[in-house]
Amino acid sequence: MNEGLSILAIIVGIAHSGIRLATPYLYAAIGETFAQRSGVLNLGVEGIMLMGAFSGFYVAFVTGNLLLGVLAAALVGALMGLVMAFISVTLNAEQGISGIGLYLFGLGTSSLLFKTLLGTVEGVDGFSELKFCLASIGINSGVCLSEIPILGEIFLSHSLMVYGAFALVPLAWWVLNKTTWGLSIRAVGQNPQAADSLGVSVARVRYMTVTFGGAMAGIAGASLSISLLGIFQEGMTNGQGFIAVALVYFGSWTPVGVLLGALLFSLVNALQLWVQVLGLNIPSDVAVMLPYLLTILALAFPFKRALQPAALTKPFERGEN
Amino acid sequence: MKPSLFTRVQFDRIIDALMPLIASMGALLVGAVVLMLLDVNPVEAYTAMFSGAFANKNGLADTMVKAVPLLLVGLGIVIAFRANVINIGAEGQLIVGALITTYLAVELGDTWPNYLVITLGIIAGTLMGALWAGIPGYLKAYLNVNEILSTIMMNQIAIQIGYFLLRGPMIDPKEVEAGTNIPHSARLPRPTDLPRFTDVAGWFGFTDSAKDLNLTGFWGELYGLLVEPTRLHTGFFIAIIMAILVYIFLWRTTIGYRIRAVGLNPAAARYAGIQVPRTIILSMGLSGAFAGLAGAVEILGLHHRMFEPLAVSAGYGFSGIVVALFGKLHPIGAIPASILFGGLLVGGDKMQRAVQVPQVFVTALLGLIVLFVVSSEIWSRRRARRRVAVQTTAEENE
């Protein structure tokens, strides 16, 4: 065990990385929440994330502009979401399998583009961590909020991408529960026949949510490549997109539930990384396994099943039933 | 009216069976656009791909070697999908099967008779795969856990177990001695290798090479494929026999009928007295059994040692789905599909060498094929509905 670190410093470290690592899960899972609430299971999130990770990285690498990179990732993600919407809504294809197709396409294409456009692993300076210095808002003081012991170190020393992900949660809650849009989305996911008879276009709502979910998955990928790691590698999402889909189930299709799931998951992940850093006598393979075991256990909790959108994975065709 | 209706149905059937092929043309076209964007002549690239995979004995042998796990995994997917259970976990099921087969063969291979070790290894791998898939099957049947997600998680767990075992208890002692510590097992004792085609030919007295017999062209390549030393092993026969058995199982036995009934309409199946949860677990377990068998056969027939889990599973869990879909979820249809996609995987390698397109292009192409095939089902469904409508009107008119 590393003697140089106090228990407190380790806890702060785990909490800090836990929040940081929740970022890609949050973007992807909140986007997927919208898609699933409207009745579409987009299993291709992993592939979209990979495409987002590459396009975001590439644009940022070439232009040197990180925001432009995020924008590119969102656009590519939205485009892939649109394809998924076309296949699952217009062509009524089996959603789980279409998602696998989208995943394979994204996995192959992002690697292909990486090999032909970059060739080697390059790096970009990602979004810098904010310091919240009082001097920057005109107060003549050298104090920075990020230096506040414990609380500042855990919560106030992250990059813009991290805060963006967390800001998405209340926003998504508000849209889903307090706006007409949210009502349409929920209605379409719960009872598309009824929504249709009341003049809500099931297809249009689903196109919108799946495209939005795609854009978010793209940003999730970019948050990984240009914010958390600063590099792109083939297959770098390593299953995070699938976990994001699982988190939507875990969070029983609510943004707050997704937030809790993402945090729990990323904290276990951070813990696992620290186990390795500290050289504790636990095989790293077992530690890496933990989050996945946790997900299966979490999925097995029976009490939230009733909250599943009734029309999830069911294509809608007018005139049936 | 009857004869014309009959031919119409026949015609529809043929179109239905060919639909995946037609849809794949769409995928190849999109792939061609991608190739052109990469400044590669698509005709040249596809030619290199297909001739590399099918034109000579070495390519064909590699293609058939790849077809073995694809077909076995694909058969498992067929069973699961027929029960409307989506098994994405073949990757993990294959890995645990390969692990236990390796373990048994390394431990027992030197002391036990080889046919016993091979049989035991195959049975253990199959059972392990079934067990690994049975867990998500149980979770789906009794706790309504989405099997897509649980099988994906089970994959990750299997991969980590693989790394853990190969870095620790199962590591090749030579790696430890040399201090390199590469995570792979010892080589299996040679008697446990599944016989290759060339070995079988030798048993029957065929030992001359095609050159000795002055065979050239098509016959020369065919003779070479069957007799000359290639990597092609008898696991290929196991896979073909299994395909026939699965066909008999699904269409000629009560359990197979129950599986299909649950897949078509679980509510009606339950009403008919079929135990739906048990059938779901069974179909998932059988699906995993075939993936586990694929793992066992890969180890005994091809690799002869266990190494990086993801390199052994090699994406077969996903490409096996493509094979099953392409064969229209029919075990016999999966046979040509597995050879076609085995060829695609082998051809990707040849294409990389011929026109410098990275092999990952094939992964993207597989994705496109899935998207196109799954999208094309809408036309099959529409025709089926129209057929019912036509039949109903015809019956009403009688």
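**Helix contacts and burial**

Guide: In H1(A), the residues A:Pro24, A:Tyr25, A:Ala28, A:Ala29, A:Glu32, A:Thr33 and A:Gln36 meet A:Gln240, A:Gly241, A:Ile243, A:Ala244, A:Val245, A:Leu247 and A:Val248 of H10(A). Divided by class, this contact of H1(A) with H10(A) has 9 nonpolar, 4 polar and 1 charged residues. Please bear in mind that the model is a predicted one.

Visitor: What is the crossing angle of H3(A) and H9(A), and what is the hand?

Guide: The axes of H3(A), residues 66–90, and H9(A) cross at roughly 140° and come within 6 Å. The crossing of H3(A) and H9(A) is right-handed. In the contact of H3(A) with H9(A) there are 20 nonpolar, 8 polar and 1 charged residues.

Visitor: Which residues of H7(A) are buried, and against what do they pack?

Guide: In H7(A), residues 180–190, the buried residues are A:Ser184, A:Ile185, A:Ala187, A:Val188 and A:Gly189. The buried residues of H7(A) pack against H1, H6 (160–178), H8 (192–197) and H9 (202–229) of chain A.

Visitor: How do you know whether B:Ala158 is buried or exposed?

Guide: B:Ala158 has 28 other C-beta atoms within 10 Å. The cut-off for a buried residue is 20 or more, so B:Ala158 is buried. B:Ala158 lies in H6 of chain B, residues 147–167.

Visitor: What does B:Ala158 touch beyond its neighbours within four places in sequence?

Guide: With those neighbours left aside, B:Ala158 is in contact with B:Gly92, B:Ile95, B:Val96, B:Trp132 and B:Pro309. As for B:Ile148, 10 residues from B:Ala158 along the chain, the two C-alpha atoms are separated by 16 Å.

Visitor: What makes A:Thr313 partly exposed?

Guide: A:Thr313 has 18 C-beta neighbours inside 10 Å. A buried residue needs 20 or more, and an exposed one has 12 or fewer; A:Thr313 therefore counts as partly exposed. A:Thr313 is placed in the segment after H12 of chain A. Its phi is near 70°, a positive value in a residue other than glycine.

Visitor: Why is B:His304 described as partly exposed?

Guide: The count for B:His304 is 19 other C-beta atoms within 10 Å. Since 20 or more are required for burial and 12 or fewer for exposure, B:His304 is partly exposed. B:His304 is found in the loop between H13 (276–303) and H14 (309–313) of chain B. Phi of B:His304 is near 60°, again a positive value in a residue other than glycine.

Visitor: How do you know how chain A compares with a compact globule?

Guide: For 321 residues, a compact globule would have a radius of gyration near 20 Å; chain A has 20 Å, so the value agrees. The C-alpha atoms of chain A fill a box of roughly 70 × 50 × 45 Å along the principal axes. The secondary structure of chain A comes to 12 helices and 0 strands. Of the 321 residues in chain A, 51% are buried.

Visitor: Why is chain B called as compact as a globular protein of that length?

Guide: The secondary structure of chain B comes to 17 helices and 0 strands. The globule rule gives 21 Å for 398 residues, and the radius of gyration of chain B, 23 Å, is close to this, so chain B is as compact as a globular protein of that length. The C-alpha trace of chain B spans about 80 × 55 × 45 Å along its principal axes. Buried residues make up 53% of the 398 residues in chain B.

Visitor: How many residues are in contact between the two chains, and which helix of chain A gives the most?

Guide: There are 40 residues of chain A in contact with 35 residues of chain B. H4 (95–118), H10 (240–250) and H12 (284–300) of chain A each supply at least two residues of the side that touches chain B. H4(A) gives the most to this side, with 16 residues. By class, the side of chain A that touches chain B has 26 nonpolar, 10 polar and 4 charged residues.

How values were computed: Residues are numbered from 1 along each chain as its sequence is written. Chains are lettered from A and ligands numbered from 1 in the order in which they are written. This is a predicted model: local features need pLDDT of at least 70, side-chain atom pairs count only at pLDDT 80 or more; totals for chains, interfaces and linings use all residues. Two residues are in contact if their C-beta atoms, placed from the backbone, lie within 7 Å. Helices (H or I, at least four residues) and strands (E, at least two) are DSSP runs, numbered from the N terminus. Ala, Val, Leu, Ile, Met, Phe, Trp, Tyr, Cys and Pro count as nonpolar, Asp, Glu, Lys and Arg as charged, and the others, Gly among them, as polar. The radius of gyration is taken over C-alpha atoms; the globule rule is 2.2 Å times the number of residues to the power 0.38. Axes are lines fitted to C-alpha atoms, for helices over the stretch in contact, and angles run from 0 to 180 degrees between N-to-C directions. A crossing is left-handed if the near helix is turned anticlockwise from the far one by less than a right angle, and right-handed if clockwise.
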